[in-house]
Amino acid sequence: MIGIFGGTFDPVHIGHLRLATEVAETLGLSQVHLVPAAIPPHRGEPLLDPATRLDLVARSIADEPRFVLDDREHRRAGPSYTADTLAEFAAEFPNEPLVLMMGMDAFNGLPDWHEVERILELAHIAVATRPGSQAEGRAGEWLAERRADPADPAALAALADAPVGRIVPVAITRLDISATTLRGFIDQGRSLRYLVPDPVVRHFSRG
Ligand code: ATP
């Protein structure tokens, strides 16, 4: 199984990298492709330009063999729709179940994503949960209907047999960090040290 983890990564931080690490470990994923969005459809213009966001992810994951930087959304014209990205991965890896990884905040917004039904026909979804985080509304109904328990070895094995459409909640370490907070720190000239990987610290402490 291959993990796919998209985000704006404006900038990448340890909350992102721990999510990718802990979900990969729990599900036994061979690879996680980190896919920075070029033109995020759900938000305004990022602070960092696309090349910088990609470069910081590349340098932050350089010594983690399981992680792969994927710049396909930057090579594609137009908005970065996850459904299109998953369709490309499915064509490239026809024999590997795909697992789309996201945090609970993103999962709760999933019902509003472009072509969400197509997304559920192309991949499983792993939702990183934290104490107190809850699936709501339509996302909550999907979780109830499609849930696969990661603590149950048979349920994990079944992900490979029914290679799309299951939703796996994965409990991860709570790290209350957001890129929004970090951009505030950057704006105020405050240190990002210990909240982000060292290449990101160095990028913002230059000059
Ligand atoms: P912003 O504050 O700019 O919205 P963000 O820090 O939430 O950014 P994104 O790039 O928007 O980061 O998020 C990518 C994915 O990472 C989403 O699925 C989100 O739920 C998840 N995520 C972000 N921060 C954390 C965190 N601290 N712990 C767990 N998951 C996180």
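An oxygen atom of the ligand lies 2.7 Å from a polar backbone atom of A179, a polar contact being a pair of N or O atoms within 3.5 Å; within protein, one must be able to donate a hydrogen and the other to accept it, and residues adjacent in sequence count only if both atoms are side-chain atoms. The structure is a predicted model, in which local features need pLDDT of at least 70 and side-chain atom pairs count only at pLDDT 80 or more, while totals for chains, interfaces and linings use all residues. Residues are numbered from 1 along each chain as its sequence is written, and side-chain values use heavy atoms, with hydrogens and water left out.

Nitrogen atoms of the ligand also face the backbone: a backbone N or O atom of L175 is 2.7 Å from a ligand nitrogen, and for I177 the corresponding distance is 2.8 Å. Taken alone, the ligand exposes 610 Å², of which the protein buries 87% (Shrake-Rupley method, 1.4 Å probe).

The ligand is surrounded by 22 residues, the closest being H13, D105, L175, A179 and T180 (a residue is near if one of its heavy atoms lies within 4 Å). This shell comprises 9 nonpolar, 9 polar and 4 charged residues; Ala, Val, Leu, Ile, Met, Phe, Trp, Tyr, Cys and Pro count as nonpolar, Asp, Glu, Lys and Arg as charged, and the others, Gly among them, as polar. At least two shell residues come from each of β1 (2–7), α1 (14–27), β4 (98–103), α5 (104–109) and α9 (179–187), helices (H or I, at least four residues) and strands (E, at least two) being DSSP runs numbered from the N terminus.

The ligand takes up the space of the largest pocket (more than half of its atoms lie within 2 Å of the grid points). A pocket is an open set of points on a 1 Å grid over the protein atoms alone, where a 1.4 Å probe fits, with protein on both sides within 12 Å along at least five of seven lines; lining residues have an atom within 4 Å of a point. The largest pocket holds about 1100 Å³ of space, a volume being the space filled by probe spheres set on the points, which are joined across faces, edges and corners. Of its 46 lining residues, G6, G7, T8, D105 and A106 are the closest to the centre.

The second largest pocket contains about 170 Å³ of space. Its lining includes R18, R59, D63 and F67, and α1 supplies the largest share, 3 residues.
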